[in-house]
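Please read the following explanation alongside the model, moving from the whole chain to its sheet, its helices and a few single residues.

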Amino acid sequence: MTINDETPRQIRPLDPRRDLMAVADLIEECFATGMDADGKEYLRQLRRTAHEVQIMRLSAQSMENLSMPLSGYVWEENGRIVGNLSLIPLRKEHQRVYLIANVAVTPEYRQQGIAKELTLCALDFVRQRGAPAAWLQVREDNPVAKHLYVELGFHQRASRTTWQSLPAVPEVRETEVRVVSRQRSHWEQQSIWLEETYPPQVRWNLPFAPRDFKPGLFKELMDFLNGFNYRHWSALKEDTLIGTASWTPARGYADNLWLGVDQRFEQEAVSALLIRARRQLFSRRPLWVNYPAGRAVEAFAAAGFTQHITLDWMEHRLNR
């Protein structure tokens, strides 16, 4: 079947009461080969929610109170869901925007325009609610999808690589760079570097805020009382600060490291900071680092990290 202007559209809004299990199966079918531990956990939660919905027969009001986003569109053929798109409301600079996610079409129905139709429906939904923009993430190595989104009016805003630590931790090497615990006097420069590495167009969807790393006796006491456990390191070259790293624990598969460095010394600063942080952290959990794509590649490899995924951030401005 080929979709054209004379073919009835098979799109309808997602119905959580009956669609969640089929959507989970579709997402697994389309993305299983590249799915990481967090993706697998998402699927488990989706199936758990589907089971709870079926048992509890939740009302429409109680559906809205569920923590997992359950909004979007599906494409149905002969009672079978063959396409899906999820819509996730988020806050960006005090405004509500929507993230388009889980765009999936079962293999035998691809190249028929289903993903395009689903995306157009999602954009109409976002526009009708007065949101200023819709965002999505697309794999750097998926040119077909990127071409579709550009055709629909999306513009690339950033390209980010998530690096994941390998089990083996490299030895701390003798170099001209010394890594020490971050000093309070380093915060002003660290805040500038963090702003450069994690600008507003990507930071709004990351699980940290630079202000959380600001030192101070009262803040450190409150962090301790609230169970917030952060670690910070500074890289020095001839007593000159050239980079910083901060560690934050996470609930998912891996904890996070956040880097801010002087780009003139990027390779040596990143390598030294990552190796020292890995050796001083007591947790055996993997580490993730979100970083601008294409930068410090050799340094990450030297510190025992591998490229997990590179995603292009794309935005569609609406209601202008």
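The paragraphs below begin with overall values and then turn to particular elements.

This is a predicted model, in which local features need pLDDT of at least 70 and side-chain atom pairs count only at pLDDT 80 or more, while totals for chains, interfaces and linings use all residues. Residues are numbered from 1 along each chain as its sequence is written, and side-chain values use heavy atoms, with hydrogens and water left out.

The protein contains 10 helices and 12 strands, where helices (H or I, at least four residues) and strands (E, at least two) are DSSP runs numbered from the N terminus. Of its 320 residues, 48% count as buried, a term that stands for under 20% relative accessible area, with exposed meaning over 50% and partly exposed the range in between (1.4 Å probe, protein chains only). The accessible surface comes to about 17400 Å², and carbon and sulfur atoms account for 48% of that area; such areas come from the Shrake-Rupley method with a 1.4 Å probe, and for residues only the protein chains shown count as cover. Among contacts (heavy atoms within 4.5 Å) between residues at least 6 apart in sequence, 71% join residues at least 24 apart.

The 12 strands form an open sheet of mixed pairing, in the order 1-2-3-4-5-12-6-11-10-9-8-7, two strands being paired if DSSP finds at least two bridges between them. Strand 1 (11–13) and strand 7 (177–181) stand at the edges with a single partner strand each, so one side of each lacks a neighbour in the sheet. From one strand to the next the twist averages 25°, with axes taken as lines fitted to C-alpha atoms, for helices over the stretch in contact, and angles running from 0 to 180 degrees between N-to-C directions. Within this sheet, strand 3 (residues 80–92) runs antiparallel to strand 4 and is joined to it by 9 bridges, and glycine 83 stands opposite valine 105 in strand 4.

Helix 4 packs on the sheet, touching strands that include strand 1, strand 3 and strand 12, and its direction makes about 35° with that of strand 3. Helix 9 (residues 266–280) also packs on the sheet, where its contacts include strand 6 (155–165), strand 10 (255–261) and strand 12, and its direction makes about 150° with that of strand 10.

Helix 5 (residues 143–151) has Ala145, Leu148 and Tyr149 as its buried residues. Seen down the helix axis, these buried residues fall within an arc of 95°, so they line one face of helix 5; the arc is that of the directions from the helix axis to the C-beta atoms. The cover over them includes strand 4 (95–105), helix 4 (114–128), strand 5 (133–139) and strand 12 (305–317), whereas the face turned away from the buried side carries the exposed residues Pro143, His147 and Val150. After helix 5 comes glycine 153, whose phi is positive, near 105°.

Most residues other than glycine have a negative phi.
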